[in-house]
Amino acid sequence: MTRRIPMLALIAPVLLVLLSACGSDTMSGYQRYEDDKNGFALQYPEDWEQLHGTGALVTFMAPAEPGSPGRPNATVTMEPVPGDMTPEAYLERAKPLLAQLLPKYAFGDQESVKVGGVDAVRYTYTIEIQEHRMNLVGYALLTNNKAYVITAGALADQYERYADTFEKICRSMEIL
């Protein structure tokens, strides 16, 4: 008596291997950071250092460059906001505060975007600290009465080398 094995039984192991390989959405060269307590996740370069206790929820820092007075970095903060506030209104409220707190602050531009399906605003600005100019990009995502703000920046002479990395980090943000 010949026993027939269903076709699905033959291809199921292959499908499982293929599906598990496809299940990872992590970009090549990046690793996933997940903060269940604060309800977000994002990806950052594998060779970047992860820091806590810096005044932000988390900070990611690029490897130090010899002779450079600073390290490119990205930070995530969060604060409660009224439920009807838009990302654009949040940014307008933040601009005067940024001008007060940051030395030689100059606002660049802004645009409305979506990040992970969430309404957000992308903005740029510069600051100057001890004669070192920094270029920064920020994204403010508002959802569930919270503003999640990702800010990434570097010294002006380093910024262009890291601009794509900053965009990947910021646009990888997910609200859990």
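**Close-up views of a predicted model**

**View 1. Aromatic pairs in the model.** With ring centres within 6.5 Å taken as a pair, the count comes to 10 aromatic pairs. The model is predicted. Two of these pairs are shown in the views that follow.

**View 2. Tyr44 and Phe60 form a stacked pair.** Their ring centres lie 4.2 Å apart. The planes meet at 25 degrees, so the pair is stacked. Tyr44 belongs to strand S2 (residues 40–45), and Phe60 belongs to strand S4 (residues 58–61). The pair therefore ties together parts that are 16 residues apart in sequence. Tyr44 has 4% relative accessibility, so Tyr44 counts as buried. Phe60 is at 0% and counts as buried too.

**View 3. Tyr105 and Tyr125 form a tilted pair.** Here the ring centres are 5.6 Å apart. The planes stand at 50 degrees, so the pair is tilted. Tyr105 sits in the loop between H2 and strand S6 (106–115). Tyr125 sits in strand S7. The pair links distant parts of the chain, 20 residues apart. Both Tyr105 and Tyr125 are buried.

**View 4. Five aromatic residues join in a cluster.** The members are Tyr33, Phe40, Tyr44, Phe60 and Tyr148. Ring pairs link them.

**View 5. A lysine sits over a ring.** The residues are Lys95 and Phe107. The charged end of Lys95 lies over the Phe107 ring, 4.1 Å from its centre.

**View 6. The largest pocket has a volume of about 570 Å³.** It is lined by 24 residues. Closest to its centre are Leu98, Leu102, Tyr125, Val149 and Thr151. Two or more lining residues come from each of strand S5 (73–80), helix H2 (87–101), strand S7 (118–129), strand S8 (132–143) and strand S9 (146–155). H2 gives the largest share, seven residues. The lining holds 17 nonpolar, five polar and two charged residues.

**View 7. The second largest pocket has a volume of about 150 Å³.** Its lining is made up of Pro69, Gly70, Arg71, Pro72, Asn73, Ile129, Gln130, His132, Met134, Ala154, Leu155 and Gln158. S8 and S9 are the elements that give two or more residues to this lining. By class, six lining residues are nonpolar, five are polar and one is charged.

Technical notes:
Residues numbered from 1 in each chain as written. Predicted model: local features only at pLDDT ≥ 70, side-chain atom pairs only at ≥ 80, totals over all residues. Heavy atoms only, no water. 1 Å grid on protein atoms, 1.4 Å probe; cavity = no way out; pocket = protein on both sides within 12 Å on 5 of 7 lines; lining within 4 Å. Points joined across faces, edges and corners; volume = space filled by probe spheres on them. Helix = DSSP H or I, 4+ residues; strand = E, 2+ residues; numbered from the N terminus. Nonpolar A, V, L, I, M, F, W, Y, C, P; charged D, E, K, R; others polar. Phe/Tyr/Trp six-rings, centres within 6.5 Å; stacked < 30°, edge-to-face > 60°. Buried < 20%, exposed > 50% of the residue type's maximum accessible area, 1.4 Å probe, protein only. Lys NZ or Arg CZ within 6 Å of the ring centre and 35° of its normal.
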